Amino acid sequence: MQITLKLFATFRNGRFKIAEQELPEGTDVRAVVLSLGLTEEEIGIVMINGRHGGLDQALKQNDTLSLFPLVGGG
Amino acid sequence: MDEVLSFLKSSLRDGLLPWSAQDSAARQFTLRYAEVEKIALENGLFPARYQRNRNMISTEEQLRLFNSRIAVIGCGGLGGYVIEELARLGVGQIVAIDPDIFEEHNLNRQILSYPAILGMPKVYAALERASQINPAVTVTAVQDSFCVMNGFELLAGCQVAVDALDSISYRLELAEVCNIAGIPMVHGAIGGWYGHVATQFPGETTVQQIYRHWVAGKGIEQQLGNPAFTPAVVASLEVAEVCKILLGKGELLRNRKLSIDLLAMEIHEISYAPAPAASVELVVHAA
């Protein structure tokens, strides 16, 4: 299946803003995160098709996955 | 009181009450600046210091702001700007909460800090600054960490709690206390070029959803630090939300979050599922 992967803020460094990815059917968000060399602890927001999503969520054909890093300062 | 009112009325210039008259009234009648401002606003006299608020904020609304009590949790990067703007806006009571003292690494961004104040508690700087900006504002300085234990007492009587914390765990405690206490919370967080803002009303769980993947520690601010401008941007968005909550106008950031990237100059909106409590209520109504 093909998905669109969008990266935000520091996740873009050394990677990309947006990319099409070919993934095995049923791949979950966590697997995508790890394939980028990111850890779960670095993840702030997971968005699937514009809605808040989870790491365990399985992706579907034509999904748009957006990943934002954790931001907590004041 | 009639005497004070006629003094104030006779001091109007072009329909506005000059600060010099508020000052004279306070001295002449031995009143606190807050008391003078209350008398003025309750009688439809618009202080000249707020004249540029006008047409955006009416005299009645300015009185509502004056009668409001807002808790600002954290007086560092975000909190300093939040307090500055609330005081200028004319919010009458500010509860400033922070356990820390100023350190040198605060100077690049925290508006309440300057070299001569290093080593002093941040909340005293907040009190000092607000009273210089707007003597009619009453600041309650609390040099303590906000937590579930003291939270309810600290938020008592407040209409809104502003999250200006730098810790995710304390932030989640604030969200919990606000929920139980029935107080809206304006959430802001920053790290480097990035930040976000959201508003959560009692029963909503946006903040908990934002940090649902969080396990421990800090976010990207740990590596990136924070520059001068990011706290100013996010704090200003937070104050705009506070102002709208108090005046009951505009569209709030409820069930959505603005994510701000000042490096790419992008703003993204992220939607969150409305609180489960709301749907439960709907079911009850339907039955």
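**View 1. The area buried between domain 1 and domain 2 of chain B in a predicted model.** About 600 Å² is buried between these two domains. Carbon and sulfur atoms give 49% of that area. The size of an interface is often given as the accessible area lost when the parts come together.

**View 2. The residues that domain 1 of chain B buries against domain 2 of chain B.** Look for B:Tyr33, B:Arg49 and B:Tyr50. Together they supply 55% of the area that domain 1 buries against domain 2.

View 3. How many residues does each domain bring to the contact? Domain 1 of chain B gives eight residues, and domain 2 of chain B gives eight residues.

**View 4. Helix 5 packs with helix 11 in chain B.** Helix 5 spans residues 77-89, and helix 11 spans residues 229-247. Their axes lie 8 Å apart, at an angle of about 45°. That angle makes helix 5 of chain B oblique to helix 11 of chain B. The crossing is right-handed.

**View 5. The contact between helix 5 and helix 11 of chain B.** Helix 5 contributes residues including B:Leu78, B:Tyr81, B:Val82 and B:Leu86. From helix 11 come several partners, among them B:Ala232, B:Ala235, B:Val239 and B:Cys243. Glutamates take part too: B:Glu85 on helix 5 and B:Glu238 on helix 11. The contact residues divide into 12 nonpolar, two polar and two charged.

Key: Residues numbered from 1 in each chain as written. Chains lettered and ligands numbered in written order. Predicted model: local features only at pLDDT ≥ 70, side-chain atom pairs only at ≥ 80, totals over all residues. Heavy atoms only, no water. Axes fitted to C-alpha atoms, helices over the stretch in contact; angles between N-to-C directions. Helix = DSSP H or I, 4+ residues; strand = E, 2+ residues; numbered from the N terminus. Parallel < 35°, antiparallel > 145°, perpendicular 65-115°, else oblique. Left-handed = near helix turned anticlockwise from the far one by under 90°. Contact = heavy atoms within 4.5 Å. Nonpolar A, V, L, I, M, F, W, Y, C, P; charged D, E, K, R; others polar. Buried area = accessible area lost by both parts, 1.4 Å probe.
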